Amino acid sequence: MIRLRAICAFTWRVFQFRPVNYESLTVQINKCTDIEQIFDLIERNKATLSEKQVGCAFNVLWRLGKENTSLLKTVKDVRHHPQFLTLHNLATNKIKLMNDKTLVNVLYITQQFAVEHHDPLIQALVTEAWERLERFDITVLSTFSTCLADQHLYFSPLMGKIAGVVNRNLETIQDLRPLSVLMVNISSLISKHFQEQLVNKTELLFDNLDSSEANVARRIIQFLQSIKYSHYPLLERCNKVFLSNADHLDLDSISRILDLYQLLQFHNFEFIAMARKRLTEMIPLFNHPASFVKLFVTLGPIAGPAEKKRLKSTILMMSEELTSQQALALLGAMESMESRNSHLIKKIVSVLHKHLDNYKPVELLKITQALIFLHFQSKELFVKLRELLLSYLKDSVVPTEISILVSALSLLPSPRLGEAGMSQIEAVLPQCSLSDLNGFATSVLRCIQYDHVYLSSSTGRQLKLLQKLDRYGHQRLQQIHNLDGLWLELKSLKGDWFDESLLEETIATLQHFKDEINYINVAGIASFISRTNYLSTLLLDRIASVVVQQIEKIHPFSVLAIILPFSILNYDPPQKDEFFGVCMQRLHPYLGILDPLMLVFLGFYLATLEYFPEDLLKTIFNIKFLARLDSQLENIGSMNGAQQQIYKMLAEVLGGINFVKASVLSPYYHTVDFECILDKRKRPLPYESHNITLGKLPRLYWESNNQTFESRLPPGTERIAFEFLDSKAFCTNIPHLKGKSAMKKRHLEILGYRVIQVPYFEWNSMTLSTKDARMDYLREHIFGEGKS
């Protein structure tokens with residue numbers, strides 16, 4: 001009896017205290033402040049750890065990692081700790097016992113600790129999650145989709161199954177946070193209809209989103225970029241969230257948002273101003289190349305002169321520590337900034353040269369483009385670049401990659417494709433899109449132009465290749481059966497080959513599909529017409545008709561793109577007043593929030609068409625607006641070759657450089673290419689001083705009035721404005737003067753100028769093929785006489 005009581009007492013004590021021990025171990029894990037404490041507990045209790053305690057251990061390890069100032073070091077310490085394998089094996093053995101949240105959480109954290117994707121634990125967790133997928137709640141499902149995205153399984157059947165679950169349950173989902181994660185992860189494989197459903201659902205749920213949820217807003221922008229949809233209502237709402245959280249946005253967030261905005265062609269003055277201010281404040285905070293390079297790349301293109309100087313001086317001190325990718329990023333930023341700081345470029349290029357063998361084809365193209373743009377010269381570097389590009393080209397079979405390599409080769413000094421390069425192009429022609437064909441043709445044309453100058457023997461083969469490209473381009477156009485298919489091919493198409501070989505047929509194809517133009521694609525089609533400079537009254541009339549009928553469905557930010565071709569091509573649609581009226585009515589509520597430059601452009605577009613809406617004029621001619629505009633403006637440029645040639649000839653015709661003024665800023669801020677003044681006997685009058693160096697334009701400045709414009713001229717004098725009109729001043733298909741140049745001539749004549757416009761097709765004609773003929777041309781237009 002005594003023995004039985006002893007056994008019972010022992011049993012009671014064991015079962016009484018077991019829950020306490022179980023709870024205390026979980027509490028102990030949660031209270032750990034470093035990874036050694038956690039792994040010590042795992043080692044001492046590995047025989048009794050439950051699946052919940054294993055999950056708890058993973059959670060605390062990840063929490064400590066994120067709290068540490070060096071996450072990478074913590075990840076490395078955890079991954080290589082002797083007891084991590086113990087935790088790994090425990091998790092593997094307890095997968096079936098884990099609840100859904102613990103299962104997916106362990107998978108997520110294991111991947112954050114850099115465990116290989118083919119590791120047995122990762123594979124077992126993914127397999128178990130796949131089997132449970134249909135029962136996951138929205139939060140667990142979103143985390144699991146992120147795990148798959150981390151493994152680059154965007155196009156996997158499993159991600160497709162997740163997309164199906166989201167599609168079936170979309171009406172019941174009420175939390176935008178996990179939905180935004182899922183939207184980004186499944187964006188690569190969903191239909192256009194499903195994309196639209198997700199956009200509509202996002203708009204419905206956005207009202208319930210807390211204004212502090214900047215990460216959710218960023219993911220929404222990321223989704224829009226993934227599906228290539230500039231949905232302005234959502235972009236505006238997300239932008240307001242970013243602005244309200246400006247003080248909490250770090251460098252990574254601002255950098256990512258700016259990249260996404262650029263890809264979506266969304267410009268917001270307030271966000272740019274906020275980003276510039278926040279990033280400028282960060283300049284003293286970063287002293288490590290990795291972080292400072294990111295700051296340089298993000299801030300550089302939007303920084304003011306003083307900030308750019310600080311950035312360059314700081315990065316110069318770090319230039320010896322740059323990695324290959326950091327050097328590549330910096331070179332791209334220098335190109336964006338149009339900065340030709342030779343000392344810094346040499347430092348960057350020295351790093352690039354050392355690592356040139358490690359860059360991918362698309363990176364070699366970026367390097368080549370930037371070096372050519374920045375006028376960098378290095379025979380040794382270019383020779384090595386050519387060898388690398390040719391070696392890649394020899395083994396490449398993908399049209400897009402071949403196009404990249406060929407483009408880079410054609411940009412190098414002495415561009416040559418060689419027989420192997422041309423053979424590679426010919427081999428992939430049947431697979432090429434219009435964009436690929438355009439890229440090839442542009443590259444071949446560069447090589448032909450070089451070979452023509454140097455009388456190369458390869459010109460004949462290249463001309464035959466160009467003819468093949470023309471043939472395949474026409475075939476590709478004929479294979480397209482609707483406007484959506486055509487627009488996918490045309491979105492980014494431009495260049496000499498397209499304009500000369502395919503533009504006529506492309507416009508004819510667009511005209512054939514004109515009835516398919518609607519509120520969704522009208523802005524894109526209008527932008528394309530603006531790029532081509534091709535005057536098709538049939539298409540422009542259809543665009544105007546669609547806008548008048550469907551204006552309520554068109555976002556106000558699209559109106560500027562729609563008006564642009566009418567302005568550029570100097571064309572009034574039949575229902576001009578109604579068309580411009582509904583456009584301005586749609587824009588009216590947004591006049592106060594449009595970017596200053598966009599508003600000025602809008603006014604300019606309409607002014608070229610002699611349309612002057614009162615509310616727009618009141619908005620622009622306002623002191624506060626002009627102050628905002630002033631902070632955006634830089635007006636620095638240079639003369640092109642033809643303009644410099646005319647400048648020198650005008651100086652000769654008029655009797656000296658002091659008789660002609662270049663890049664004159666007229667009242668109301670038109671920049672006149674050249675100006676001269678004749679007295680009443682048609683004799684040139686000298687200028688007292690020249691405020692411009694040849695090739696440079698003056699900075700724009702605001703004046704209170706222009707009363708002194710005429711007061712300094714003697715009676716009977718004549719002020720002449722000379723304008724050189726290049727091909728961009730005319731429509732592509734006919735020599736019809738575009739709106740900008742026509743309006744400028746009207747304005748200058750109102751100001752009292754006699755305007756002489758020199759069309760490029762006259763200046764470059766056979767009639768004016770000699771210097772003497774050109775001098776006579778100038779004399780006749782200035783003085784009304786020929787040879788003197």
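These legends accompany several views of a predicted model.

View 1. Welcome to the overall picture. Of the 788 residues in the protein, 50% are buried. Look, too, at how the chain meets itself: among contacts with a separation of 6 or more, 74% join residues 24 or more positions apart.

**View 2. Helices α20 and α21 pack against one another, with axes that come within 11 Å.** Here α20 covers residues 361-373 and α21 covers residues 379-395. Their axes cross at roughly 150 degrees, and because angles over 145 degrees count as roughly antiparallel, α20 is roughly antiparallel to α21. The crossing of the two helices is left-handed.

**View 3. A closer look shows which side chains belong to the contact between α20 and α21.** From α20 come P361, L364, I367, T368, L371 and I372. Facing them, α21 supplies L381, F382, L385, L388, L389 and Y392. What classes of residue make up this contact? There are 11 nonpolar residues and 1 polar residue, with no charged residues.

View 4. If you are wondering about cysteine pairing, how many disulfides does a search of the whole structure find? The search finds 0. As a reminder, a disulfide is a covalent bond that links the sulfur atoms of two cysteines.

Key. Residues numbered from 1 in each chain as written. Predicted model: local features only at pLDDT ≥ 70, side-chain atom pairs only at ≥ 80, totals over all residues. Heavy atoms only, no water. Disulfide = S-S within 2.5 Å. Axes fitted to C-alpha atoms, helices over the stretch in contact; angles between N-to-C directions. Helix = DSSP H or I, 4+ residues; strand = E, 2+ residues; numbered from the N terminus. Parallel < 35°, antiparallel > 145°, perpendicular 65-115°, else oblique. Left-handed = near helix turned anticlockwise from the far one by under 90°. Contact = heavy atoms within 4.5 Å. Nonpolar A, V, L, I, M, F, W, Y, C, P; charged D, E, K, R; others polar. Buried < 20%, exposed > 50% of the residue type's maximum accessible area, 1.4 Å probe, protein only.
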